[in-house]
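Here is a friendly briefing to read beside the model. Please keep the structure open as you go through the points.

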Amino acid sequence: MIQRFFLFFCLFMLSSLAFAQNAKEYQRKFESGKELLKQEKYALAKEVFTPLTQQNPANPYSSYANYYLAYAHFKTGKLDNARLQLTQLLERNPTWPDAENAYYLLANIAFEKKDMAAGFGQLEKIKNKQIREEADNLKKHYLAQVTDLAVLKNLQKKYPEDKALASVVVDKLLMSPNADEVKLAQQLDAKFKFGKVKELEEQKKVSVKDEYNVAVLFPFQPDNLLVTDKPRNNQFALDMYVGIKMAQEQLAANGVKINVYAYDIGSDGDKMLNLINQPEFSAMDLLIGPLYSASNKVAVSYANDRNIALINPISTNAQLVENNPAAYLFQPSVEQQVKQAADYAFASFDKKPAVIFFGATPKDSSIAHNYRRFYEQKGGKVSAITKLSLTDVANVSKIFEGLTNETTGHVFISTDNTTIVANFINALERKSSTFPVFTLPNWLEQRMISFEQLERRNVHVIYPEYIDYNADTVQAFRKNYIARRNIVPSIYSYQGYDMMLFFGQLMAEHGTFFHQALHQQPPVRGVIMAGYNYNGSNINQYVPLVKFDKANLILVNPISP
């Protein structure tokens, strides 16, 4: 009996000693893993923590090992692995005392994956005051990066008492071109007493100045300005700049002082970044350009931060100004051009079904299907939408021959392919068609068809570059330009002149913070160009639509004087 007891005692002591040794080893490894995290050696930390996640009576660190392993995965971009570790932790140990830290990390993971609703759902579980304060900062950081305003507005509806969320919503919507969004921002500002509306009004007052500085950010390429017989690929930028400088003189004659500063900015984003960090650049009140994506992205971010306007003078890409309240398109976007054509067609043409054709390019297809969408939204009907192929030109002609005045309200055709255009016009000529046709600007440059044919066939053209060259103001500018440059102005010179006049006068009346005034302004005619409409938008919504009448190209949708 004594021997059996002694044997049991020895075994117990040996197992206890082994248990104690194992516990010390777990502790040593656990502390080693934490030290690796401090040193930001996340890959090595994962190797240490992975075996520590196994549950064992001698291992009191399995839950914390799950958490730290999740953190190491998060820091190395393995978001799904991190989420899996945290999920396992909370399932194994639902009463874990540091569960709120796990909720915080799960929210961070969700935000990284751009799942804002899931992130908010995790943070909602946190009760600890200190962690909640950190959570507010986390929310602000990620919410500021959200570009889809609908996401922010939906979150605000779900969490109407969330102050951090409301603060970001106010920042995002206060300069919106949408009146309802501005109203929401004002309501939230009053509810949470942020004082941002008052701050904005003060900013408007101080933005009115005696003179304004304008930065022109074009690819001037000064090293290539030597006299040469070869055409310059940046000639459009040089022409537009000359127009801007001439507008500067005209504004001065009108009592508006504008200082124009030229910067050679191409597609190099780093060069733009270096420029905005120069002390002198902080004095700029308006940016025109850049014209390329990488540099434009840097400049737009700068303009948004400083609440000064940035004008892109040539792009028709609406995405450049999407959720960027300080950025504007001087030209109407492609989508806006198509929408205005569809609206005009529905209001002005016979209500018989429309027929739509489009060419082989993705752009042709996109334009055609957008036209159909906009026309049907107005209540119009489309009887057919057909892709045109050049594999059999004879079949193309047969397709056009099927159009009749009795069944066709109008035709929209999206292609500038010379062969298709010529076959289309010839088919209409043979049929003596009377239904209107809507098409793209390039048709005015087609050599295989004449202006007389376009007039006979009632062809209407979307033409953002329309200028009435018989207007007194246009002739005066042309005469002045030729006298100075000994060359006829290009379309870019006309546009640069009119753009600087428009925005220069806008600053003179409302200061650099003219956004709200511009969004509330009705459509207005330009001095040279046909007009501008920024009512409720950062994109020029006025689209000149033209046709030939008695051999003259006329505007069919002029802005009322």
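The largest cavity is lined by Phe330, Gln331, Pro332, Pro464, Gln495, Met529, Ala530, Gly531, Tyr532, Asn540, Tyr542 and Pro544. On a 1 Å grid over the protein atoms alone, a cavity is a set of points where a 1.4 Å probe fits but cannot get out, and lining residues have an atom within 4 Å of a point. This is a predicted model, in which local features need pLDDT of at least 70 and side-chain atom pairs count only at pLDDT 80 or more, while totals for chains, interfaces and linings use all residues. Residues are numbered from 1 along each chain as its sequence is written, and side-chain values use heavy atoms, with hydrogens and water left out.

- The structure holds two cavities of 30 Å³ or more, and the largest cavity contains about 90 Å³ of space. A volume here is the space filled by probe spheres set on the grid points, which are joined across faces, edges and corners.
- The largest pocket has a volume of about 1,300 Å³. A pocket is an open set of grid points with protein on both sides within 12 Å along at least five of seven lines.
- In the largest pocket, 41 residues form the lining, and Lys172, Asn304, Asn323, Asn324 and Pro325 lie nearest the centre.
- Helix α14 (293–306) is one of the elements that supply at least two residues of this lining, along with α9 (163–173) and α11 (196–206). The most comes from α14, with seven residues. Helices (H or I, at least four residues) and strands (E, at least two) are DSSP runs, numbered from the N terminus.

**Aromatic pairs and charges over rings**

- The structure holds 38 aromatic pairs. Rings of Phe, Tyr and Trp (its six-membered ring) pair if their centres lie within 6.5 Å, with planes under 30 degrees apart counting as stacked, over 60 as edge-to-face and the rest as tilted.
- Phe218 and Phe220 make a tilted pair, 5.8 Å centre to centre with 40° between the planes.
- Phe218 counts as buried because its relative accessibility is 0%, and Phe220 is buried at 9%. Buried means under 20% relative accessible area, exposed over 50% and partly exposed in between (1.4 Å probe, protein chains only).
- Phe330 and Tyr532 have ring centres 5.5 Å apart and planes at 45°, so this pair is tilted too. The pair links distant parts of the chain, 202 residues apart: Phe330 is in the loop between β5 (327–329) and α15 (334–348), and Tyr532 in the loop between α22 (515–520) and β11 (545–549).
- Both count as buried, Phe330 at 3% relative accessibility and Tyr532 at 2%.
- Arg373 lies over the face of Phe374, 4.4 Å from the ring centre, and the charged end of Lys196 sits over the ring of Phe194, 5.2 Å from its centre. A charge sits over a ring if NZ of Lys or CZ of Arg is within 6 Å of the ring centre and within 35 degrees of the ring normal.

**Nonpolar cores**

- The largest nonpolar core has 45 residues, and Leu286 and Phe218 are among those with the most contacts inside it. Such a core is a set of buried Ala, Val, Leu, Ile, Met, Phe, Trp, Tyr and Cys residues joined through side-chain atoms within 4.5 Å.
- A second, separate core of 44 residues includes Ala99, Leu174, Met175 and Ala185.
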